[in-house]
Amino acid sequence: MSRSLPITPRIPDPQAGACAIRMGEASDATQVARVLVEWVEQACAHRGALVAWSARGAEVLASTLAEAPDAALLQRLGGLAPDARAFRPVAAGLHAVRVGQAPVVLLLEAAEAPPTHVLESIAPSLRLAGTHVMRWMELASLRDSHQQLERSENLQRALFAISDLAGSDLDMPRMLRGIHAIVSTLMYAENFFIVLHDEARDSLRFIYFADVADDDGPDIGAHIPMESRRHSMTWHLVTGGRALMGSTEELLTQVDGPVVMVGPDSVDWLGVPMLRDGHVYGALVVQSYREGVRFSAEDRALLEFVGSHILTALERKQSKDELEELVRERTMELAQANFGLQQEVLERQRAERLQAALFHIAQLATADIDESDFYERLHEVVGELLNAENFFIALLSDDRRILAFPYYVDAGVRRVVSREVGRGLSEYVLRTGEPLLGGRERINELARAGEIDAARIGRPAECWLGVPLRVDDEVIGLVVVQSYTESVGYGPADQELLGFAAMQIASSIHRRRSAVSLQHAYADLERRVEDRTRELREQMLQREHMQQQLQHQVMHDALTGLPNRRYLRERLDGVLARIEHEPWRRCALLYLDVDRFKVINDSLGHLAGDELLREIAVRLQQCVSPPDLVARLSGDEFAVLLEASPGADAVQALAREMLEVLARPLQAAGRELEPSVSIGIAIGDSTYPTADDLLRDADLALYRAKDLGRKRCVMFDETLARSAVDVLAMEGELRRALQVGEFLPHFQPILRFGSGEVVGHEALLRWNHPRRGLLVPGEFLRVAHESGHIEAIDWQLFEAACVAAARMRRQDTFLTLNVSALHLRHSDFGQRLLRLVERVGLEPSRLVIEVTEGSLLDDPEHVRSTLESLRAIGVGAALDDFGTGYSSLSYLHSLPLRMLKIDRAFVQALDGGTRATTTVVAAILALARALDIRVIAEGIETPEQKEALIGMGCEFGQGYLLGRPAPQLRDDAQDLPAIATFAGTTRA
């Protein structure tokens, strides 16, 4: 390369403007590059080149260099960083610069880098050129993409067209011409042929050949041995199994061995094998005799791709032709076999027709039709077997003196006739008991022989066929068909058919006669039975009426009209029997006693007492609906049976409703009374064998209600019968314990699994009994509820627990208190709890109240309002025993909950590792995370339970494994910022 020294630019700015105008008028990137290179050469007196690159590589768009840049230099130029201040040396005597982010580099031939002012003078034009070049390169890329898309669409249409040809009804020559036309749409294919290779025969078969220069082409369709075409281009193409393309000289370099040219020499030749699974099944060849028409690598790839589809189309067409030929051959074989079967089919049809006729006749014997329809259908059936245009049936009377014709059709006229037995043709058949088939000659012979009386025959028939009807070897009649034209006659086959039909006709007639006789007998019997039944029914109705009156008197109370004790016991035994077979069922028995009824009787008299009892009966019936039952047992005792118990809570609610209804004032003996009742409730299940057992337990509960002060209801439990006296003693001890403060909290820690840190405590109730020691709630809670002391006990526990929490050194843990539904019913519960925490100095945000799902059922809206008001002051809420209630999921999104506690039943089930339990716990954790609710797992007693919960992502736990309830709070002084955050978390 020649080198020149840098000099001062000689082109003024106006020439740079003209250069910019020429760039804008350029029609492609190359013209833009030429304009810039010319301008730079004039401006700097240097030879130069403009290099641009894209994803496909670098390209020299315009150059005046003595030597073109090599590939290594172009690669370095592609990595050149943008620099608008100076040229950089890139090779000996070559300097380059890239201005801006455009993929364009200016390369100058100079011994030294051009000075800065040179770059400053050409930099604007270089930037402009970069912009124009990049735009034209993008446009060229879009054009290439468009052309590629058009080629893809053309190829797709061609493949669809080839597939359509394979499934069309065109013959093979027309289909091959269609394939030639399709290939011509993809490339130059004026000269085109298709050759198939038969590996078994080692032969070639040209199935299509079109060539404008070769008048002596191969024999189309003939098998040409491969050896005869050895070393030809087609032979090399098939044996080599790879595409060949180029002129004759180029083809010689692509094959191994000599080449024998067949046909005229072409300018360009392209052949591709048709392959499947590595085997060559044929080849496609196109060739050009024109100097300006040559094939490209793209044409070769396209023809290879199309070749596999053409091979599939040829195979489909060939398979279709072979199948059609096979079908034609098979059809001829079947036609020959069918001819042999037709005779057999005719015989079978005759047998089937006879069988169907006999079956039809048998059905007519039991069909619900009259006699006229019966004989008409017999005529139709016989007509299906043979010509029966003239047809009749004759039957002998019981004394065999009269021959009746119940069905007679002759010459299209139907008649019903009868006559005395004489010497006609019919009588001859009846007398001999044999079929008779004959024409006029046979009839005349019988007449001459004196077997028949010709005068009794009437109009002579051309052919007469009669067959006797037999029942148990006795001839009862005959069936006859006859013809009056010579064209219709009967033969032995017809006699055989009519003989078969006659046997079935005789059987059907006999069965219908028997059925009619039996029907008459039945009708007479039914009339006598109906008369006697009517008499018996009237007697039974009278007896039933009397029995109902007696039954009602025996099973009902005369004063109130209610069922009595006996009725109740029978009804209750039936209910318990159903429960025994369906153990999931429950019933409920409410035993009622009128309080102080003896006083009313003694004061106002028995009439007033009776009036009171009747009013109570009416009111009780208003409280229930069928199938539930109200009964009067004796005196002032009543019972209500609920056959399908809705649950203990619902039964108690109904009992309370009864207490209110029965307590409404009423007038008796001129005095206003306010009656009251005591109610004992027993829930019946499969453990009750008899009604008396359930009545006994309900009676015990009733007495307990009376002992508690009357005008109340009590539910029976197992301890009621054996500890009634102990309950009364415990009530006194509860009152004393409240006075002296024997109820105290025990605290069970709640830990974070990850660190083992204590994040909170649950306050649990304990009774420090002076004689029995420390008692858990299960030993006294029921008595506390029944005696009405539970709320006072809870408030004593709340205060002691809050005082202990307020005195802790750590102020970042929380305290949970169990709050029952009794507290939530009070409208001032929230204010009272707030006054308590303020009095003891406990932060409200450290307090969480635990509510169960059962406490939410009484008044959900009131509970929600109470929890919202507590959340406003910082007191949180937790849903306890989650998953064991009624509709747990419905509360999660509607209540202001800070946390929920998974019931211990689910945690304990994790030891078994059942998929159902694991899925439920995982679902609860996922739902809580979605609602931003913290989850605490209760009742953790084994390491396996703990590990299972940690594996499912549970953060907090509580149970004997982590810490037992203790009278003191665990006051571990640790830095627990995460726990403090948890204690203050609330739902938005």
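Select helix H15 (residues 606-623): the helix lies across E18, E19 and E20 and runs at about 10° to E20. Helices (H or I, at least four residues) and strands (E, at least two) are DSSP runs, numbered from the N terminus. Axes are lines fitted to C-alpha atoms, for helices over the stretch in contact, and angles run from 0 to 180 degrees between N-to-C directions. Contact means heavy atoms within 4.5 Å.

The model is predicted: local features need pLDDT of at least 70, side-chain atom pairs count only at pLDDT 80 or more, and totals for chains, interfaces and linings use all residues. Residues are numbered from 1 along each chain as its sequence is written, and side-chain values use heavy atoms, with hydrogens and water left out.

Now select the strands. The open sheet has 5 of them, in the order E19-E20-E18-E23-E24, with mixed pairing; two strands pair if DSSP finds at least two bridges between them. At the edges are strand E19 (629-634) and strand E24 (713-715), each pairing on one side only. On average, neighbouring strands of this sheet are turned by 20° against each other, direction ignored.

Go to strand E18 (residues 587-594). 8 of the 8 residues of E18 are buried, so the strand is largely enclosed by the rest of the structure. Buried means under 20% relative accessible area, exposed over 50%, and partly exposed in between (1.4 Å probe, protein chains only). In a regular strand the side chains alternate between the two faces of the sheet. In E18, both faces are covered: Cys587, Leu589, Tyr591 and Asp593 are buried on one side, and Ala588, Leu590, Leu592 and Val594 on the other.

E18 is joined by 8 bridges to strand E23 (residues 677-684), and the two run antiparallel. Pick Ala588 to find its bridge partner in E23, Ile683. E18 also pairs with strand E20 (residues 637-642) in the antiparallel sense, over 6 bridges; here Leu589 stands opposite Leu641. E19 and E20 pair over 5 bridges, again in the antiparallel sense, and Leu629 stands opposite Leu641 in E20.

**A six-stranded sheet**

Move to the open sheet of 6 strands with the order E14-E13-E12-E17-E16-E15 and antiparallel pairing. Its edge strands are strand E14 (413-420) and strand E15 (436-439), each of which pairs on one side only.

Ala394 has Leu478 in E17 as its bridge partner.

**A hairpin**

Strand E25 (residues 743-752) is mostly covered, with 9 of its 10 residues buried. 9 bridges join E25 to strand E26 (residues 758-769), running antiparallel, and Phe743 has Trp767 as its bridge partner in E26. The two strands form a hairpin with 5 residues between them; look in the turn for Gly756, whose phi is positive at about 75°. E25 is also joined by 2 bridges to strand E33 (residues 956-957), which runs antiparallel to E25; Leu751 stands opposite Gly957 there.

**Helix H22**

Next select helix H22 (residues 829-840). Its buried residues are Phe829, Gly830, Leu833, Leu836, Val837 and Val840. They cover an arc of only 125° around the axis, which puts them on the same side of H22; the arc is that of the directions from the helix axis to the C-beta atoms. The face turned away from the buried side carries the exposed residues Glu838 and Arg839. The buried residues pack against helix H20 (790-806), helix H21 (821-824), strand E29 (847-851) and helix H23 (860-872). After H22 comes Gly841, with a positive phi near 80°.

**The nonpolar core**

Finish at Leu900 and Leu949, which have the most contacts inside the largest nonpolar core, a set of 53 residues. A nonpolar core is a set of buried Ala, Val, Leu, Ile, Met, Phe, Trp, Tyr and Cys residues joined through side-chain atoms within 4.5 Å. Leaving out residues up to four places away in sequence, Leu900 touches Leu879, Phe882, Leu892, Ile924, Ala928, Ile933, Arg934, Val935 and Ile936.
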